[in-house]
Amino acid sequence: MSSRTEMHVPLGGLNLESPVIIASGVWPYEAELWSPERLEGVGALCTKAVSLNGRAGNKGVRVWETPCGMLNSIGLQNSGVRSFLDDYLPLVRGANRPFLVNLVMESEREVRESIAALAEVPGIPAIELNISCPNVDGDGMAWGISAESAAKAVRIARSEWKGALWVKLTPQSPDLAGVAKAVEAEGADAIVCGNTWLGMAMDIKKKRPAFQRVVAGLSGPAVFPLALRTVWQVCGAVKIPVVGCGGVASWEDATAMLLAGASAVEVGAALFIDFELPRKIVAGLSAYLAEQKIDSVSGLTGLGRHE
Amino acid sequence: MSCGGSAPRDYEAKVAGSRALGDGSGLIAVECEAIASAAEPGQFVMVRPGSCGDPFLGRPLAVAAASGGIFKMLYRVVGRGTELLASKRQGDSLVVRGPIGRGFFSSRGDTPLPKKVLLAGGSVGAAPLLFAARRLGMAKVAGVSMGVAGRGWEGFAEWLKESFPGVALFSDDGSVGTKGTALDGLPSELPADTEVWACGPQGMLRALAAKYPSDGARVRVALESRMACGMGGCLGCVIPTARGNRRVCVDGPVFTAEEVLWNEFAD
C-alpha cells in the first residue's frame, strides 16, 4: 500500500496526494461519485468546462468509437459560471481534495467576467485555462495555436486571477514548445499538455461525416504515444511543472509520462471505461517505486531525460 | 441531475450461459449478484466484451431479466463488440457496469402505476419489456406488440412468441407475423388508465409519440443513444427535451414521449 508521502506531489500551487488528476469533461456532478471511496487514488479533479454563459453544446452525434479510443464533439455543454457556483461548487468543494475549475478561454470580456465571478467566491484553489477554443475576437483560430495568441490569453487570465493558474495546451499547435514558453513567461503556474487531437469520422451508411461539425477530438489509448512525444518536447522547453494528458490508461503510461518530465498525469477517456483507474495507477506506481528503490513519485519526474 | 438508483459500479463477471436465437441474435446470462438484485426494467448495463481496450467503449444493453444472482441481456450482432459478446460461453469473463439509469418504475416519480400497460417493442427493444412484463405481472399487461425487420429474424420471432404468449407479431416485409410495425398492434385511441411502455429504434418511438399526440404523458419510452461512459460524465448521449438537454444514461433511459423534442432529435 502506498504511503501518503511517497505519492505526494506539490504542483503548480496545489498539494496533491497523488499524481493522478481527473481531466476536464469526465466526472459528472453526481453526488455519490464525489465520495472519498469513489475517488480513491485521485489527487485532484478538473471540473467540466465552465464558460461565462451556458452552452447547449453540439447537436447530432457527439461520440464515436475508434480503434483504442473515441472521438467526441460535445461542444462544451455547461450551464454557465453562475450556475456552476450555485449548483455544483458545493459538491466539488465537499470532496475535500484540490480541484481546478476548467475555464473556457472565450473572448477577453467573457473570460474577465468569468474570472471575476470565480474570484468573488472563496476556496477555489485553481483555474485550468482551456486555450483550445477559438479566439472569436481575433482570427478565429484556437487561442493556443500560436505563441502570440496563447500569451495574450494567459496575460488576460493572469491579470484577473490571483490563485493558481494552469494552462491546458492544444496539441493542434505547430509550435508547442513556443506556446509553452509563452505561457510560462506570462506567469502560468503549470502547463497541462495537452488536449484531444482533431480527427473525424465518416458515417459510411449515411455517406456523410459522422459529426455535424465534421471534426471532433480524439482521445484514449490511441493518442498516448503522440501525447508522450508532446510532453517530452514541452518539458524540454519550460521550467514550470507540466501535467501529462492524453491516452493515459495504465500505471505504465503514467510512469512513462513522469519519466518524460511530467509532474503528474490527467486521465480522461480511460476513466470512462474503468472507474478504478486512479487507484490502479497509484498502486502500480507505488510498486514500481519500491522495485526501483526511489523514495517518492516526484523522484520520477524527468528521470528518463538524463543521459 | 441525479440518477434513479445509486451510481453504477464496474464488476468483473462470469457468463452463466448463452443461447443463440438465430441469425446473430441471442440471450446472454451473466452472474452478478449486485446488478441482478438491484436492476429494474428499463435499466441497462455497459458491457465490455473485449480486452486491452479493444473495442474501447462498453456496449449499452438493456437488462432483459434478473433473478437469483443472474441477469440476462438480449443482443443482435451489429459490429465487432456484439460479435465478441456473441462468442462468449459459460465461464468466460466480462466487465459489466451497472445497473444504469432510471427505469420504467423509478422514472415515474410519484405517478402511480396505471391499471394496464401495453408493451410495444422493436427488435432487441423487446428486452426491457420482457423484464417489465415479469415485474408487472401478466395480469397488468393489456397487450404485447412486437416488430422485427423480417427475413433473418425467424429465430428471434420464435423466442418472442415463447416469451410473450399471445404476442402480436409484425415484420416490415411480412415474412414473420403480419406485415406492418409494432404500432399496428396498438389501439388507435389509448384506453383510460392505460399506458404504453415501449423500446425500439428511434423511428418507431417517434412514430409512437405521433400516434398518441395528446397522450404523450402516458407513453413511456426507453431510449437508446451512442454513449461513452454510462455514468453521466461524457454528455455524449444527451437528447433534446422540454427541460433542455437530458442524458439518456442517467436522466433516462426512460422518458415520457411528451418530454422528448422528437423533431430536434437527430437520427
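Just after helix α7 of chain A, A:Gly261 takes a positive phi of about 125° in this predicted model, where local features need pLDDT of at least 70, side-chain atom pairs count only at pLDDT 80 or more, and totals for chains, interfaces and linings use all residues. Residues are numbered from 1 along each chain as its sequence is written, and chains are lettered from A, with ligands numbered from 1, in the order in which they are written. Helices (H or I, at least four residues) and strands (E, at least two) are DSSP runs numbered from the N terminus.

Helix α7(A) is mostly covered, with seven of its nine residues buried, that is, having 20 or more other C-beta atoms, placed from the backbone, within 10 Å of their own. These buried residues, A:Trp251, A:Asp253, A:Ala254, A:Thr255, A:Ala256, A:Met257 and A:Leu258, pack against β3 (20-22), α6 (224-235), β15 (242-245), β16 (264-267) and α9 of chain A.

Helix α7 (residues 251-259) and helix α9 (residues 277-292) of chain A pack at an angle of about 65° with their axes 8 Å apart, the axes being lines fitted to C-alpha atoms over the stretch in contact and the angles running from 0 to 180 degrees between N-to-C directions. The contact, defined by C-beta atoms placed from the backbone and lying within 7 Å, is made by A:Trp251, A:Ala254 and A:Thr255 of α7(A) and by A:Lys280, A:Ile281, A:Gly284, A:Leu285 and A:Tyr288 of α9(A). By class, this contact has five nonpolar, two polar and one charged residues, where Ala, Val, Leu, Ile, Met, Phe, Trp, Tyr, Cys and Pro count as nonpolar, Asp, Glu, Lys and Arg as charged, and the others, Gly among them, as polar.

How values were computed: Contact = placed C-beta atoms within 7 Å. Buried ≥ 20, exposed ≤ 12 C-beta atoms within 10 Å, placed from the backbone.
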